[in-house]
Amino acid sequence: MAQYRQINTGFWKDTKIEDFSVNEKLIYLYLLTNSLTNMCGCYELSLRQMSYETGINLDATSANLERLSAVHDVILYDRNTKEVLVKNWWKYNWTKSPRFIEGLLDEIKQVRAEDFRIFLGNKLADFLWESESETHLDEHLEHSATRGRRTDLSPSRRMTVFERDNYTCQYCGRKAPEVVLEIDHIVPVAKGGGNEITNLATICRECNAGKSDRNTKKKLVVIGCERGQVD
Ligand SMILES: [Zn+2]
């Protein structure tokens with residue numbers, strides 16, 4: 001299984017990395033490039049193998065891993081399942097291609113540490129949702145003269161919609177504070193929908209995230225990765 005991993009040349013100039021000890025740098029680089037790395041950035045790797053391949057003794061490997069997690073906040077390690085989670089992996093390695101997302105979901109489903117699975121599911125929901133609002137924004141810029149913009153909604157209009165809808169998501173029926181509430185354009189901005197009160201509905205962040213791709217949303221729920229459980 002010949003594989004290549006790309007590392008940004010800014011790695012060595014990153015102010016976060018500057019603060020790492022020599023061994024921490026080596027182990028972190030190892031976690032970004034070893035043969036077990038996958039699409040989702042969470043994979044099984046024993047301390048023993050890490051120690052063997054980096055040449056850092058077992059105790060030091062364990063201590064360095066702890067510091068990468070607790071002090072530098074760049075990874076998480078579950079000592080029961082022996083799974084590593086590289087926290088920023090998604091930023092540099094995920095793409096929005098449907099085929100990639102399918103493979104990603106399969107991998108996330110197989111992660112055994114539940115909090116890691118939830119972390120990745122939430123990241124994926126954010127990742128997909130963000131890409132959707134960017135699209136809306138791009139389309140808006142092209143048609144700005146005639147069309148409304150979702151970010152132009154005034155706070156008072158948002159409150160009016162929330163109150164009218166009794167602080168309840170109009171798609172799944174859940175209420176604040178159980179879920180984070182947002183405003184949905186019933187006819188999307190990109191399709192010419194405006195900010196009239198009749199075109200606005202209360203939606204929870206989870207339903208909003210799933211709107212662009214109901215299949216992905218369904219799968220996220222199936223694997224227990226509902227939004228808002230873990231930050
Ligand atoms: Zn909802």
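**The whole chain**

The model is predicted: local features need pLDDT of at least 70, side-chain atom pairs count only at pLDDT 80 or more, and totals for chains, interfaces and linings use all residues. Residues are numbered from 1 along each chain as its sequence is written.

Of the 231 residues in the chain, 27% are buried. A residue is termed buried if 20 or more other C-beta atoms lie within 10 Å of its own, exposed if 12 or fewer, and partly exposed in between, with C-beta atoms placed from the backbone. Among contacts between residues at least 6 apart in sequence, 65% join residues at least 24 apart; a contact requires the C-beta atoms of two residues, placed from the backbone, to lie within 7 Å.

Next, colour the chain by pLDDT, the predictor's confidence in each residue, from 0 to 100. The chain averages 81, and 80% of the residues score at least 70. Two stretches call for caution. Over residues 134-150 pLDDT stays under 50, and the model has 16 contacts beyond four places in sequence for them. Residues 226-231 also stay under 50 in pLDDT. Where pLDDT is low, the predicted coordinates should not be read in detail.

Select residues 42-44, 75-78 and 83-86, which are β1 and β2 and β3. They form an open sheet in the order β1-β3-β2, with antiparallel pairing. Both β1 and β2 stand at the edges with a single partner strand each, so one side of each is left without a neighbour in the sheet. Neighbouring strands of this sheet are turned by 20° against each other on average, direction ignored; this angle is taken between axes, which are lines fitted to C-alpha atoms, for helices over the stretch in contact, and angles run from 0 to 180 degrees between N-to-C directions.

Two strands are said to pair if DSSP finds at least two bridges between them. There are 3 bridges between β1 and β3, and Cys42 has Leu85 of β3 as its bridge partner. Between β2 and β3 there are 4 bridges: Ile75 is partnered by Val86, and Asp78 stands opposite Glu83. The hairpin of β2 and β3 has 4 residues between the strands, and there Lys82 takes a positive phi near 60°.

Now show the side chains of β2. Which residues make up its covered face? They are Ile75 and Tyr77, while Leu76 and Asp78 belong to the uncovered face.

**The nonpolar cores**

Select Cys42, Ile75, Val84 and Leu120, the residues with the most contacts inside the largest nonpolar core, which has 32 residues. Such a core is a set of buried Ala, Val, Leu, Ile, Met, Phe, Trp, Tyr and Cys residues joined through C-beta atoms within 7 Å. At least two residues come from each of α2 (22-33), β1, α4 (58-70), β2, β3, α6 (98-110) and α7 (114-142). The largest share, 7 residues, is supplied by α7.

A second, separate core of 6 residues includes Cys169, Val179, Leu181 and Cys207.

Return to Ile75 and display its surroundings. Beyond its neighbours within four places in sequence, Ile75 is in contact with Leu31, Leu68, Ser69, Val84, Leu85, Val86 and Lys87.

Select Asp73, in the loop between α4 and β2. Its phi is near 60°, a positive value in a residue other than glycine. Asp73 counts as exposed because it has 11 C-beta neighbours inside 10 Å.

Tyr167 is the next stop, in the loop between α8 (155-164) and β4. The phi of Tyr167 is also positive, near 55°. Tyr167 is partly exposed, with 14 other C-beta atoms within 10 Å. As background, most residues other than glycine have a negative phi.

Finally, select Ile186, in the loop between β4 (181-185) and β5 (200-204). Is Ile186 buried or exposed? Ile186 is exposed, because 12 other C-beta atoms lie within 10 Å. Not counting residues up to four places away in sequence, Ile186 touches Gly193, Asn199 and Ala201. Ile186 and Ala201 are 15 residues apart in sequence, and their C-alpha atoms are 6.7 Å apart.
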